[in-house]
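Dear colleague,

Please find below the structure that I am handing over to you, with its sequence. My findings follow it, arranged by topic.

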Amino acid sequence: MKTKTFYVIAIATSLLTSYIAYQAHEKQDVTNVLLSNVEALADGDYEPEIRKCYSSIHHKLGAHVIFCDTCKDKPDHTDDLFCLSSTCREKL
Amino acid sequence: MNKVCFIFCLILFVVGCSSHNEQTLQCNRVNYVREFPREVNLERTKALPLDLIGCVDMVPADSLIIFKVLEGECFWKVYSLNSNRFIADLLPQGHGNMEFMDLPYSESIIQTDSALCCEFCDGARQTLFRCNITETLKQGKQFIEPIFKYKQYEGLTSVIRLSDTLLYMRGHNAHAAYTRFLLANDKKKELSNIGNIDNVRIKEDLNTLSAVTRVNRSRMMTVEAMLRMNQINVYSLQSDSSFTICVGSKLSDVNKVDALPRQMRHEYYGNIMTYDDYFVALYYDTSTMDYILGKGKSSLQFFDWKGNPLLCIKLPIVATSFYIKDNRDLYVFSSMEAEEALYKYDCTELLKSIVVGS
């Protein structure tokens with residue numbers, strides 16, 4: 001009986017550990033992709049075309065938003081609370 | 001059998017806890033502030049008789065205050081604090097030469113023996129400009145000149161000149177993080193003393209990491225008051241000194257804040273100003289919903305340059321910005337009330353006590 005319980009616990013623990021390791025690996029992959037994009041952007045090799053933007057914004061010191069009309073960064077502004085986000089194409 | 005079940009549950013608990021992905025932002029040492037040595041409540045007072053309709057923020061400049069206007073013919077309205085009188089409209093809106101398309105940002109005041117100047121960023125031209133306020137007001141025409149083009153650096157939110165050859169810059173990195181660096185003789189120099197604040201990245205909203213940033217030139221110190229987190233990051237631009245101030249017992253979890261639905265957001269800091277002996281942060285600690293409805297509260301938290309709490313002034317209004325003139329008068333501007341207004345309080349005794357004590 002004791003041996004049986006031991007095996008059950010061992011299998012359950014190894015399954016759980018494998019699952020967690022898989023999750024962590026997946027997260028790491030996503031982070032690596034994000035990081036490589038960020039680095040590529042910094043190097044000037046990568047041009048993001050579609051940006052998340054807001055069409056209704058207001059002044060807010062320290063905040064930052066992309067205004068849909070111009071698709072440009074707007075420092076010291078933020079999105080209105082009930083304004084849904086949209087996308088715009090970056091004008092280069 | 002019970003023993004086996006207990007061990008199994010323990011393993012599950014330990015593994016479950018370790019898989020929680022908590023991330024905090026910190027400049028090395030964290031100084032937790034549970035209370036302030038002194039707390040003072042200010043009563044509501046009459047607003048100064050200034051026409052501030054449409055003003056969204058103010059930039060104090062010695063005995064002047066520049067009010068920033070979003071809509072109108074000019075972006076700046078200059079008032080004298082000595083006479084409480086309107087002096088001039090500056091920075092006309094438009095597409096022409098020396099006209100501006102967007103509200104300027106990242107303003108910093110520079111006072112020399114002969115002139116009072118305000119340097120500011122123009123987003124449309126991606127250029128740092130200097131306005132000689134003294135000459136502009138004396139001669140009745142704008143003395144504004146471009147001093148630095150930063151087109152090659154994407155997404156800058158702060159550009160502050162520290163000397164003729166040194167600039168401090170802070171900007172976003174592909175909308176996932178903020179990074180800070182110095183530009184010395186056109187050479188980029190990373191800041192190595194700022195803990196993990198350049199490395200933390202978010203998934204949802206860059207404003208999770210947004211902060212009001214000020215640089216104190218005489219101390220070469222930068223302070224960043226976080227908008228959505230209960231902390232102020234303080235770091236030197238010339239030494240290894242850096243620390244984070246957390247008002248409370250635990251730093252905000254960046255991932256949790258980032259994942260919050262928009263209606264559940266919380267406002268922490270709204271502004272910060274630096275002075276010779278201390279720096280002062282405007283603190284809300286209120287839900288975004290209440291803040292927008294003007295139902296929130298605000299207070300001014302004073303800290304010395306080691307990060308120790310000095311004083312907390314509780315304000316009767318939801319303030320937008322403030323100014324302490326000559327360690328004596330406190331000016332509080334609010335754009336969150338029915339009408340934009342500026343209030344003045346005599347805080348001579350209060351401020352004397354913290355300057356002497358610090």
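**Fold of chain B**

Chain B contains five helices and 25 strands. Please note that the model is a predicted one. The C-alpha trace of chain B spans about 90 × 50 × 40 Å along its principal axes. Of the 358 residues in chain B, 56% are buried. Among the contacts in chain B with a separation of 6 or more, 49% are made by residues 24 or more positions apart.

**Interface between chains A and B**

The contact between the two chains involves 32 residues of chain A and 45 residues of chain B. Together, chain A and chain B bury about 3100 Å², and 63% of this lies on carbon and sulfur atoms. On the side of chain A, the residues that lose the most area to chain B are Leu61(A), His64(A) and Leu81(A), which together account for 22% of what that side buries.

As for polar interactions, eleven residue pairs are in polar contact between chain A and chain B, with both residues at pLDDT 80 or more. The elements of chain A that give two or more residues to the side touching chain B are α1 (2-43), β1 (50-53), β2 (57-67) and β3 (72-79). The most is given by α1(A), with ten residues. By residue type, the side of chain A that touches chain B divides into 16 nonpolar, seven polar and nine charged residues.

Five salt bridges are found across the interface of chain A and chain B. In one salt bridge, the side chain of Lys74(A) meets that of Asp102(B), at 3.2 Å from N to O. There is also a network of salt bridges that links Asp79(A), Asp205(B), Arg228(B), Arg262(B) and Arg265(B).

**Surroundings of Ser210(B)**

Ser210(B) lies in the loop between β14 (187-190) and β15 (211-216) of chain B. It counts as buried because its relative accessibility is 0%. Its side chain makes a polar contact of 2.7 Å with the side chain of Asn207(B). Leaving aside residues up to four places away in sequence, Ser210(B) touches Gly62(A), Ala63(A) and His64(A) in chain A, and Arg170(B), Tyr178(B), Ala225(B), Met226(B) and Leu227(B) in chain B.

**Salt bridges within chain B**

Over all chains, the whole structure holds 26 salt bridges. One of them joins the side chains of Lys250(B) and Glu22(B), at 3.5 Å from N to O. Lys250(B) is in the loop between β18 (242-247) and α3 (254-259) of chain B, and Glu22(B) is in the loop between α1 (2-18) and β1 (29-33) of chain B, so this pair ties together parts that are 228 residues apart in sequence. Glu22(B) is partly exposed, at 40% relative accessibility.

Asp122(B) and Arg125(B) form a salt bridge whose closest N and O atoms are 3.0 Å apart. Asp122(B) is buried at 1% relative accessibility, whereas Arg125(B) is partly exposed at 27%. Arg161(B) and Asp164(B) form another, with the closest N and O atoms 3.2 Å apart. Here Arg161(B) counts as buried, at 13% relative accessibility, and Asp164(B) is exposed, at 73%.

With kind regards

Definitions and conventions. Residues are numbered from 1 along each chain as its sequence is written. Chains are lettered from A and ligands numbered from 1 in the order in which they are written. This is a predicted model: local features need pLDDT of at least 70, side-chain atom pairs count only at pLDDT 80 or more; totals for chains, interfaces and linings use all residues. Side-chain values use heavy atoms; hydrogens and water are left out. Contact means heavy atoms within 4.5 Å. Buried area is the accessible area (1.4 Å probe) that two parts lose on being put together, summed over both. A salt bridge is a side-chain nitrogen of Lys or Arg within 4 Å of a carboxyl oxygen of Asp or Glu. A polar contact is a pair of N or O atoms within 3.5 Å; within protein, one must be able to donate a hydrogen and the other to accept it, and residues adjacent in sequence count only if both atoms are side-chain atoms. Helices (H or I, at least four residues) and strands (E, at least two) are DSSP runs, numbered from the N terminus. Ala, Val, Leu, Ile, Met, Phe, Trp, Tyr, Cys and Pro count as nonpolar, Asp, Glu, Lys and Arg as charged, and the others, Gly among them, as polar. Buried means under 20% relative accessible area, exposed over 50%, partly exposed in between (1.4 Å probe, protein chains only).
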